[in-house]
Amino acid sequence: MATNITIIKDAGADAARGASQTPVRKLPGWLWFVALWCFGVASAMSLGFAFKLLMNATLFAIK
C-alpha cells in the first residue's frame, strides 16, 4: 500500500499577508545584552535615587 503525498507551497497566501514584503529584523545577541544591562543600571540608579529622596524626607521631617 503506497501513499502519495504532494506538498505545494501557495506563494499567493504569503504575498497576501505581506510576509514577503517586510523583512524580519533581528537584533544580535550582544546588542540585547547591552540594552538589558543599560536598562538594569538605569533602573537600579533610579531606585536608589528614589530611596534617597524618601529617606531624606522621612528622617529629617521627624524631630
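Hi everyone, let's start with Phe 33: this residue counts as exposed because its relative accessibility is 57% (exposed means over 50%, buried under 20%, partly exposed in between, with a 1.4 Å probe and protein chains only). This is a predicted model, where local features need pLDDT of at least 70, side-chain atom pairs count only at pLDDT 80 or more, and totals for chains, interfaces and linings use all residues. Residues are numbered from 1 along each chain as its sequence is written, and side-chain values use heavy atoms, leaving out hydrogens and water.

Phe 33 sits in helix α2, residues 29-59. The chain has two helices and zero strands (DSSP runs, H or I of at least four residues for helices, E of at least two for strands, numbered from the N terminus).

Now the annotation: an unreviewed UniProt entry lists residues 30-54 as "transmembrane region", though such annotations may be inferred rather than shown by experiment. That span, residues 30-54, is 100% helix, with its end C-alpha atoms 36 Å apart.

And burial? Of the 63 residues in the chain, 2% are buried. Thanks, all!
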